[in-house]
Amino acid sequence: MLDKWLGVMPPPNGDAPDRMDGDHRRNPRRRGEELKNAILAAALEELAEAGYAGLTMERVAARARTGKAALYRRWPNRAELVVEACTVHRLSDVDMPDTGALRTDVIAALRQLCANLATSHGDILRGLLAESMHDPELAQLVRERVHGAGPGAIQAVLLRAVARGEIEPWIPASRRATVAVDLLRNYYFLHGAPIPEGVITEIVDEVYLPLLLAPPGALPSTGSGQAPNGTAGDI
């Protein structure tokens, strides 16, 4: 009764008010990159579970065990958050070995991309692009930062090929540089994973290498005028 007179009511079941599930106040205080990485990981987990349509800043904050303010200080909306979460897992994070030749380097890089697309991150990217068809703001971000992002592993492969004298120095900065990754990604969006090994070698031998070795303004013919497995119209 004394507690009631003093205006202090015990919490139900004897639980303190800050012991609710997901209450970030009971977690160690995180700042900087540690907190940012926790939020990005939570965003990817939410995407995998609920998709972009079901993702909210509130759900991401709860999963990351932080407050919404921590999200809004870094990202003005969920589209910005989601796109950054996806781009941190792109192919450019992969350090590819030097096989000593352009062809085998490219094949190794594409195999690694196939392995990445076969994970949950590939499913997330596929769903994200589908959602971008209905969300102009998201579509713009995806074009600028996800689909249009320069593949770091392929860039490294091409720069090594320039140093070996296999291709011209202007190639890595040209549109030709990303064609192999674009074709492989388009195949994945249409057919899913796993991507057959034959698709990789067809892209490399019938499209990519002839394109890299062709002089400026010249477009090599693949015979049928079509990319591997009929995907030319998807570029």
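Predicted model: local features only at pLDDT ≥ 70, side-chain atom pairs only at ≥ 80, totals over all residues.
Residues are numbered from 1 along each chain as its sequence is written, and side-chain values use heavy atoms, without hydrogens or water. Local features need pLDDT of at least 70 and side-chain atom pairs count only at pLDDT 80 or more, whereas totals for chains, interfaces and linings use all residues.

A search of the whole structure finds 14 salt bridges. A salt bridge here is a side-chain nitrogen of Lys or Arg within 4 Å of a carboxyl oxygen of Asp or Glu. Glu-46 takes part in a network of such bridges with Glu-45, Glu-49, Arg-59 and Arg-63. The closest N and O atoms of Glu-46 and Arg-59 are 2.7 Å apart. This pair links distant parts of the chain, with Glu-46 in helix α2 and Arg-59 in helix α3 (residues 57-64), 13 residues apart. Helices are DSSP runs (H or I, at least four residues), numbered from the N terminus. Glu-46 also bridges to Arg-63, at 2.8 Å from N to O. Arg-63 lies in helix α3 and Glu-46 in helix α2, so the pair ties together parts that are 17 residues apart in sequence.

Glu-46 is buried, at 3% relative accessibility. Buried means under 20% relative accessible area, exposed over 50%, and partly exposed in between (1.4 Å probe, protein chains only). Arg-59 is partly exposed at 37%. Arg-63 is partly exposed at 30%.

A further salt bridge joins Asp-98 and Arg-160, the closest N and O atoms being 3.7 Å apart. Asp-98 sits in the loop between α5 (78-87) and α6 (102-117) and Arg-160 in helix α9 (residues 152-164), so the bridge ties together parts that are 62 residues apart in sequence.

On the surface, Arg-29, Arg-31, Arg-73 and Arg-74 gather in a patch of positive charge. Patch residues have over 30% relative accessible area and no salt bridge, with like charges joined within 9 Å and nonpolar side chains (Val, Leu, Ile, Met, Phe, Trp, Tyr) within 5 Å. Arg-31 is found in the loop between α1 (2-5) and α2 (32-54). Its relative accessible area is 59%, so Arg-31 is exposed.

The whole structure contains one aromatic pair. Tyr-188 and Phe-189 are tilted, 5.8 Å centre to centre, with 55° between the planes. Rings of Phe, Tyr and Trp (its six-membered ring) pair if their centres lie within 6.5 Å; planes under 30 degrees apart count as stacked, over 60 as edge-to-face and the rest as tilted. Tyr-188 is buried at 1%.

Val-204, in helix α11 (residues 197-213), is buried at 0%. Val-204 and Arg-103 are 101 residues apart in sequence but 7.2 Å apart in space, C-alpha to C-alpha.

Note on methods:
Areas by Shrake-Rupley, 256 points an atom, 1.4 Å probe, with all protein chains shown as cover. Lys, Arg positive; Asp, Glu negative; His and termini not counted. Charge placed at Lys NZ, Arg CZ, Asp CG, Glu CD. Helix = DSSP H or I, 4+ residues; strand = E, 2+ residues; numbered from the N terminus.
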